[in-house]
Each structure stands twice: as structure tokens, then as C-alpha cells.
Amino acid sequence: MSVDLSQFHQVFYEESYEGLDAMEQGLLEMNVDAPDDEIINTIFRSAHSIKGGSGTFGFMQVANFTHVLETLLDEVRSGDRSLNQTTMDLLLVSVDCMRDMLQALQNGEEPDMSNADDLRAQFEAILKNEDPSQALAQSANSKEGSDSGQPPSDKSGGDGAGADGKNGWSIDFIPEPQLLQTGNEPTRMFRQISELCDGNMSVTVKTDNLPSFSSLNPEHCFLNWHIDVHAPLEKSVIDEVFEWVIDDAEINIYPLGQSCEAESQKIQESEPDKQVTPAAVEPIAVTTSQSTDEKPKAPQKAAAPQESSSIRVDIDKVDNLINMVGELVITQSMLGELGENFDMGRVQRLQEGLAQLEHNTRELQESVMKIRMMPISFVFSRFPRLVRDTARKLDKKIDLVMSGENTELDKTVMEKLGDPMVHLIRNSMDHGVETPEERIKNGKSETGTVELKAYHQSGNIVIEIEDDGAGLNTERILQKARENGVISEDANLSEDQVFDLIFQPGFSTADVVSDLSGRGVGMDVVRRNIAALNGSIEVFSQKNKGSRFVIRLPLTLAILDGQLVQVEDQIYIFPLVSIVESIQYQGSELNNVGGHSDVLQLRDEYVPILLLNQTFGIQTENDDLDESIIVVVEADGEKIGVVVDELLGQQQVVIKSLEENYKKVEGISGATILGDGTVALIIDVSGLSKLSVTSLKDLDRKVKNHKAA
Amino acid sequence: MAKILAVDDSASMRQMVSFTLKGAGHQVTEASDGVEALKIAQGQAMDLVLSDVNMPNMNGIELCANLRQLPSYKFTPILMLTTESTGDKKMAGKTAGATGWIVKPFNPDQLLTTIKKVLG
């Protein structure tokens, strides 16, 4: 029977990644001086499972690498070896290394073994109690082929089995009384031998040791056997039959026709090696055949993004869903029956039924949404490591405090949240938290704190990243902004507005661009990424107290809280989060700048005005705007006023992709289907502001220059 | 056809074992650790137990010792799936009452050959 092992690969990858995460977490939690047994066990178990799985599924590179790791961990676990910081660091690096190897394999590529070989050499040195750094040098000198190496404990056995025994074998099998208690059954062994020699055997039972009936324990074995096998079998084959019972029985195997004394060799001498050899060789063959098989497929595999493969859903959620569907079916059949012989007297029951249907649908929708929800710990879990490594690089002492890890969030949102958060945390550590010396000088404790919080607030998820560092430096931000031309020389900004400048494109406050924060990704990208998720980011800061970044995100990307607006006979939808305010159109508050565009003076700001009917080319019957409404929306830190005919209600809408169903339209992010079946377009606010001829900054400057002149 | 209890904390191994055994016509019940396995075993008799050694909550050795305390598992074959090729782990298994072992990594054919040793 042949089983296609590749069908289990996906599960193997997933659980291995989980195992690696668990290892990483365990390593980070572990106190080197007083290691916790439970943590070591968890780490060991993860390594052990990865090794077992990778061996079974033919990924020998991973299995061989994990083997040394496992050996080391096993020694730690059994108390034969103590941990030190070097070993811990090596273990953490190995976790990354294994993750890389698995990712390469998953994408159908051959993993790069140079890193793994270096690490393995270092571990082997540790196991031999040598200095790992020297092993590194050695391994660099003589790089051995990585996949040729079998786990070091496998001495390739093979003891020229069956030197004699051409005529067959005699076996004395004298079990200990408790043999049966291990579930071993002598008759099964005889049957096995019989199969091996096609029945050319004889079994003689010896009852010498049988006690008297009164002292006979029926669960014990008192019989001995002598077996003659009349077939030229390899001795190793016979050894294997008795492999499991050698410790529970006296077994003598000798060539047929000789006496027991002639070769009273016990089985165990040659036993341990044999089982290993065939088992270990087989999967190597699998690896090679597989890599040739899969070559043509590789590009296609690599193209598939690794994240969106599958999600794990709590069984409760599924049960709940099934329950909901059940309710829905009941309501449906109730309504169906009602419709069959309907008269006006039953209108009330119809209404009740419809109300119930609405209720069911909403609950069902919520339950379905919940399936995509995962605890934010999936993102948070990588941060302890990040903070540890970054703090080391920066020579700072920083504690990470996390709360609300169980707050649930849509998986898609979560996947896109990782990078912006990494950036923010690095930023807080690099620019926020001061060096230990500075902190002491400022009367703070030596160790800084970065706090991560997640919680739900009115249909949104809020994530806060707070540090107790130096806070934003208002003067430096202003200076930088003027230098880079982000603001004009004489701009008078409130503190909040100054803080907001860090989100402007082309802005970096670090005097020296370090390799940590300044890698070309600025806070403007962070804000754009978060805006792309229909979210917002704000910063609060207090000098010498620290800064706090607050990210607000919708719980899901599939549903949007929308404001419905009407323009002529069309209905458009604004994301509710983007709306700042809505005001009645009054011609007197508008200024005309540069001859072709209007701006609205909104308190001390100038906001460009955009007519939605013009932008989307809708036929208008009257040009009178007096009854209109201006919806002031904000995107990418810029406000625009959008003129619409009327505000309709607010409602949650399900987002349908316009690109998939039609094509991309500038200024439109998607579509939805309203209750009456018509299609309404959802406004892409940041796209819309780009559509408007002039951006806020230009306008603001123009207006101000105009005024000054 | 035999009733087999497959115990492993690794879902991929469990699936592989279970798929192979079902393919050979056996009836397989899965458990992800010793505690779960013991609970299942308390409810029904099995013809064979295949268990991983290293598992959270209750490991394979403890499971084995616990199973041998159950009257209906006194003589049931219990095979340990182990990566340890060294003797001491096997010894611990034997002391706890394990029948034998299968050394990981193994392929489906090796698994079927091995369980044939203990199934009627």
C-alpha cells in the first residue's frame, strides 16, 4: 500500500511553525540561572515533534539539524547540562534557522544549509563540551555536505548477520513469567517466524517450569519453547522477531544442528542498530525523488502567498454556526408554510417571521465573522523576541508589557498589522526609550518600558503602543519639518499638529539614521498601511514622560460602517471613520483660490471643496448648491470637503470588490448591495483627495501667502 | 479489522498514522495526549494502542502504565512511537508495560509491517 505523504505536509508545516513559536516563547521566558522544568519540557517537545515529523515526511535537512538541538535539550531536561546565555542565544537563532528552512521547503525551494551547518557545528561542539566559536571556524574550513549527514547517534550497524545458519536455526525461547503483561504473545512470534520460513518449522513446548495447579498464576507465562527453523534466514530477521522481548526472556539463537552452548550469543549485542538503519535510509530516498518530482511545480508554489492558506477555527465557533443555520432553516420553513396559503389575516405572523429572519441573519453574519477572528496574540507573540534583540543591539534596558492578547481581530487585518506594529515598536525603542545613563540622569529607573495594549471599543479594536521614554521633541520636529519643506517657515501649529507632522511623507527625526528604525520606511508608510485597513493612528506625547501611539481599526475588512449619501439619483457610501463633520452648504464661507477651485474656511483651516457630481460626471439638473451638504472627510492627514445633495442613514455594509467584479475605478474602493437590491459605490477617501486638483498643503500655503500679501 | 487508538500530540503524525491504518481497513480513534487517550480507553476496549512518547499533560510512558491498570488493557498490545533509538527510553517503556516500539521516522509500509506483528 502506498500513501502519498505530501497530503500531510501542510499540517506538518503549520504545527511546526506553532512549535517554533512555542520554542521561541519558551526561550524568551526562561531564566537561564533557574530554568523552569515545564518550559524546558515544552521546548524539548516542540523540537522533538519537528524532528519526528520532518523525518517522517522526508525533510531530512530539518530532521538532522533538529537532532542536535534535541540532544542538547534532552541533556538539559534530564539535568545533565546547565544552560548559559550563549546556548540560549544559539537556540534562539536556531529557531529562526529552522523557520527559514521550513519556509523554503514549503515554497518548494531547497533550503540554504550554510547557516544550519554552522549552527549544527556549534551545537555539536557544545555537546562535546568544546568552545562553539572554534567549531564555527572548523566548519567553515571543511564544510561537509549537509544532507549526507545522518543523526550522529546512528552508527551504521550491520554485523555480517547470518554468518552461519545455512540450514536454518534453532531457537530457545525462555520467557520470564511476566512476559504476557506487556502484551507480547508468544504465538504471534511463532506465527511471524512461520511466515518468514513458509511454515518450515517445528515448535516444541517445554513444561518443566510449570508449577503445581494450586500455585499457578493464570496471567503468568511458565512455558518454554524450542523452535527449529528449516530455512536459510538471516539471523537479523529472527532477531527482529524477538526484538521487543529480549529483556523479558532468555533467547538463544544458534545454527540448526549445533548445541546451544556452541553459540550462546545473546541477541541484544547486535540489536539496537538494526532498527535504525532501514528507517533512516528510506526517507532520504524520498527526499531526492520528491525534489525532482516537484521541480516543475516550484514557481507556481512560490507564487502562492504562504499566509492565507488555512485558519484554525475553535470548535465552539463551528458548533455555534451550525446551530444558527439550524435556526435559519426553521424560520425559512415557517415562512414557506405561511406563504403557501396566505391571507391578510396572517400579516402579523409574516411580520414576526421576517423579524425572526432578520435576527437569524444578523446572528449568522456575526458568527461567520467570528470564524475569521483570531486573538491578537498571533501578532503580539513575536514582539518579546523583537524587543529582546533590539534592546541588545541598542544597549538599552527595556521591558515589554503586554495586555489584551486575547482581543480578537479579523485574520486579514491582523496579517497586515504586523509590519506597522514592528515599526512602531522599534521606533519607540530606538527614539523613545533613552539609554540607561540618560534615564538615571533624568531621575527614571534604568530600565525603560514599552507597553502594548489591545482592547475593543465601540466596534473597533484599539491598539496602543506606549513608552516611558523622552517623548517627542517638538522643537526638533518643527525644525526638521521646516528643513524638509513639510511646513512653511512661519507656520504656527498647535502641539497636536506638530506631533502629527511625523506622519508626513519624507520625515525622519533621528539625527543619525540607525539600522533599526531608519530603513526607508517612515511613519507616513505606517499611517498609510493603517489607513488602507480603514483605520487611524494618532500620537500623544509628553516631554520626558513618553509617547503613546493609538491605532484604531475596524474589526473586519469585510464589513464597513458607512454613511449613505445621495447625489442626484445615485447613492454613495463614505466610511464612517473618515468623516470629520458634515455642514450645511453656505456660499459665503467659500473662497475661490487660483480661479478654479473653491476652499472652505473651517475655523482656522482651509479645506478644498470637491463636487461629487462633477468628479464622477453625474448629470445635474440645477447648479444651485444652497440645499447641499458638505461632508468633511479626512484621509492621509488631509481634509477635503465633499459636496453631496443629501445625507441618508448610516448602516453597516458588506464590501464587494469592484476590481474583481468590474475594474478599478479611481476614487472608489468597492461596492455594496443595498437592501433594495441596488448597487452603491463606496468612496475611497484618500483616492478622492488625490483626484482633487490641489492638495491641502498647496492650498493652505497659497491661501496664507495670499492673505499675507 | 482492528480497533486502534492512535495517540500523538502532532496532528500531522496523527493524520499520517490514522490515514495509513484506515487505508489498511482498521478502525482508528485519535487522541492528542495521554489524558485524552486514557479517557477514551476507559470507555472502550481497543485491539492496539499506538502512542507517541513525548506529549504534554500525560506522556506515552505514563499513559502506558495507566492503561495497564485497566482490566481490559491488561494484555492489549501497546506500541510506542519513539525517536529515541537509545535503550533507556525503550526500557522505560517496557517497564511501564509497553509491548514494543516503532522508531521514528517510519513510513506507512513500515508501520503496517510492524503492527502486523501484534495483530491477529
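This note goes through a predicted model of a complex of chain A and chain B, point by point.

1. Basis of the note. The model is predicted, so local features are taken only at pLDDT of at least 70 and side-chain atom pairs only at pLDDT 80 or more, while totals for chains, interfaces and linings use all residues. Residues are numbered from 1 along each chain as its sequence is written, chains are lettered from A and ligands numbered from 1 in the order in which they are written, and side-chain values use heavy atoms, with hydrogens and water left out.

2. Confidence. The predictor assigns the complex an ipTM of 0.84 and a pTM of 0.55. For chain B the average pLDDT (the predictor's confidence in each residue, from 0 to 100) is 86, and 94% of the residues score at least 70. Where pLDDT is low, the predicted coordinates should not be read in detail.

3. The interface. In this model 48 residues of chain B are in contact (heavy atoms within 4.5 Å) with 46 residues of chain A. About 3,800 Å² is buried between the two chains, 55% of it on carbon and sulfur atoms; buried area here is the accessible area, taken with a 1.4 Å probe, that two parts lose on being put together, summed over both. On the chain B side, the residues that lose the most area to chain A are B:Phe75, B:Pro105 and B:Lys117, which together supply 18% of what that side buries.

4. The fold of chain B. Chain B contains five helices and five strands, where helices (H or I, at least four residues) and strands (E, at least two) are DSSP runs numbered from the N terminus. Along the sequence they follow the pattern β-α-β-α-β-α-β-α-β-α. Of the 120 residues in chain B, 63% are buried, where buried means under 20% relative accessible area, exposed over 50% and partly exposed in between, with a 1.4 Å probe and protein chains only. Among the contacts in chain B with a separation of 6 or more, 63% come from residues 24 or more positions apart.

5. B:His26. This residue sits in the loop between α1 (11-23) and β2 (27-31) of chain B, and B:His26 counts as buried because its relative accessible area is 16%. A polar atom of the B:His26 side chain lies 3.1 Å from the backbone nitrogen of B:Ala2. Beyond its neighbours within four places in sequence, B:His26 touches B:Met1, B:Ala2, B:Ile4, B:Leu21, B:Ile115 and B:Leu119.

6. A mixed sheet in chain A. Five strands of chain A form an open sheet with mixed pairing, in the order β6-β8-β9-β11-β10; two strands pair if DSSP finds at least two bridges between them. The edges are β6 (398-403) and β10 (536-542) of chain A, each pairing on one side only. From one strand to the next the twist averages 15 degrees, with axes fitted as lines to C-alpha atoms, for helices over the stretch in contact, and angles running from 0 to 180 degrees between N-to-C directions. Strand β6(A) runs parallel to β8 (residues 448-457) of chain A and is joined to that strand by six bridges, and A:Ile398 has A:Gly448 as its bridge partner in β8(A).

7. Helices on that sheet. Helix α14 (residues 383-394) of chain A lies across β6 and β8 of chain A, at about 165 degrees to β6(A). Helix α19 (residues 523-532) of chain A also packs on the sheet, where it touches β10 and β11 (546-554) of chain A and makes about 135 degrees with the direction of β10(A).

8. A:Phe503. The loop between α18 (495-500) and α19 of chain A holds A:Phe503, which is buried because its relative accessible area is 3%.

9. Strand β4 of chain A. Six of the seven residues of β4 (residues 249-255) of chain A are buried, so this strand is largely enclosed by the rest of the structure. Strand β1 (residues 169-175) of chain A pairs with β4(A) in the antiparallel sense over seven bridges, with A:Trp169 opposite A:Pro255.

Note on methods. A polar contact is a pair of N or O atoms within 3.5 Å; within protein, one must be able to donate a hydrogen and the other to accept it, and residues adjacent in sequence count only if both atoms are side-chain atoms.
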